[in-house]
Amino acid sequence: MGERCGWCGTEEIYVNYHDTEWGVPEYDSRALWEKLILDGFQAGLSWITILKKRDAFREAFEGFDPNIIAGWGEADVERLLQNAGIVRHRGKIEATIGNARAWQKIEQREGFDNFLWNYFDGKPLQNQFTTLSEVPGFTPLSTQISKDLKKEGFRFCGPTIVYAFAQACGLINDHLVTCPRHKEVQKLAR
């Protein structure tokens, strides 16, 4: 058995996330949206910060139901800005409401899951990296997805955020080949 990817360190919440969630192919439209939103909130912060606040985020954002959030307005923004359990950033909160509306349009048209998985021909990209230094921060594909999401009305979805999101949701398998999860995650692809 190899060693797990070094980025997750030794903190239990991070190790559990690496071992059970990160890189597992996600096919549910709402769950994909939630992870994209959380990656947007992570911008400028560490992922572990978001991970530790994830339950509070889920409570504050009604289980990340985009159909509820799409109807929110300024009073909801003000309410969320008072919630110490989440990242209190007006721009990111307002973007989440707009992103919920953008999600609804895509979901109705083709399904948000299909919209994203079509970039990967429906199956995860299986990278074969052996060191963390080989893993890119973004790629031409994440740049294209970012541009297309922005055309649809999304915000806080730059190429680096989109790449991290694609890794987290298993659109891309970026577990190092020396990590036991690489093969485990590879087997989960549809």
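Which element gives the largest share of the lining of the second largest cavity? The notes below work up to that point and then go further. The model is predicted.

1. **The second largest cavity.** The answer is H2, which supplies three residues, the largest share of this lining. The volume of the second largest cavity is about 40 Å³. Its lining is made by Tyr17, Glu21, Lys35, Leu38, Asp39, Trp47, Arg54 and Ala168. Two elements, H2 and helix H3 (47-60), each give two or more residues to that lining. Sorted by class, the lining holds four nonpolar residues, four charged ones and no polar ones.

2. **The largest cavity.** Searching the whole structure turns up two cavities of 30 Å³ or more. The largest cavity has a volume of about 60 Å³. Among the residues lining the largest cavity are Leu36, Ile37, Gly40 and Phe41, along with Phe154, Arg155, Phe156 and Cys157. H2 and helix H6 (90-109) are the elements giving two or more residues to this lining. By class, seven of the lining residues are nonpolar, three are polar and two are charged.

3. **The largest pocket.** Here the volume is about 420 Å³. The lining consists of 20 residues. Trp7, Trp22, Gln42, Ala164 and Gln167 lie nearest the centre of the pocket. Helix H1 (12-20), helix H2 (29-42) and H9 each give two or more residues to the lining. H9 contributes six residues, the largest share. The class count is 13 nonpolar, five polar and two charged.

4. **Helix H9.** This helix is mostly covered, with seven of its ten residues buried. The buried residues are Ile161, Val162, Tyr163, Phe165, Ala166, Gln167 and Ala168. What do they pack against? Their partners are H1, H2, helix H7 (112-117), H8 and strand S2 (172-173). Just after H9, Gly170 has a positive phi of about 70°.

5. **Glu152 and its neighbours.** Glu152 sits in the loop between helix H8 (140-151) and helix H9 (159-168). Leaving aside residues up to four places away in sequence, Glu152 touches Ala102, Lys105, Ile106, Arg109 and Phe115. Take Ala102 as an example. Glu152 and Ala102 are 50 residues apart in sequence, but their C-alpha atoms are 6.0 Å apart in space. The side chains of Glu152 and Arg109 also make a polar contact, at 2.9 Å.

6. **Arg109 has another partner.** Glu110 forms a salt bridge with Arg109, with the closest N and O atoms 2.8 Å apart. Are these two residues buried, exposed or partly exposed? Glu110 has 30% relative accessibility, so it counts as partly exposed. Arg109 is partly exposed too, because its relative accessibility is 46%.

7. Arg4 is partly exposed at 38%, and Asp19 is partly exposed at 23%.

8. **A pair within one helix.** Lys151 forms a salt bridge with Asp148, the closest N and O atoms being 3.6 Å apart. Why are they separated by about one helical turn? Because they are three residues apart in helix H8. Their surroundings contrast. Lys151 is exposed, with a relative accessible area of 69%. Asp148 counts as buried, at 16%.

9. Where is Cys179 found? It is in the loop between S2 and helix H10 (180-187). Its relative accessibility is 3%, so Cys179 counts as buried. Cys179 and Gly2 are 177 residues apart in sequence, yet 5.2 Å apart in space from C-alpha to C-alpha. Not counting residues up to four places away in sequence, Cys179 touches Glu3, Arg4, Cys5 and His18.

Notes. Residues are numbered from 1 along each chain as its sequence is written. This is a predicted model: local features need pLDDT of at least 70, side-chain atom pairs count only at pLDDT 80 or more; totals for chains, interfaces and linings use all residues. Side-chain values use heavy atoms; hydrogens and water are left out. Helices (H or I, at least four residues) and strands (E, at least two) are DSSP runs, numbered from the N terminus. Contact means heavy atoms within 4.5 Å. A polar contact is a pair of N or O atoms within 3.5 Å; within protein, one must be able to donate a hydrogen and the other to accept it, and residues adjacent in sequence count only if both atoms are side-chain atoms. On a 1 Å grid over the protein atoms alone, a cavity is a set of points where a 1.4 Å probe fits but cannot get out, and a pocket is an open set with protein on both sides within 12 Å along at least five of seven lines; lining residues have an atom within 4 Å of a point. Grid points are joined across faces, edges and corners, and a volume is the space filled by probe spheres set on the points. Ala, Val, Leu, Ile, Met, Phe, Trp, Tyr, Cys and Pro count as nonpolar, Asp, Glu, Lys and Arg as charged, and the others, Gly among them, as polar. Buried means under 20% relative accessible area, exposed over 50%, partly exposed in between (1.4 Å probe, protein chains only). A salt bridge is a side-chain nitrogen of Lys or Arg within 4 Å of a carboxyl oxygen of Asp or Glu.
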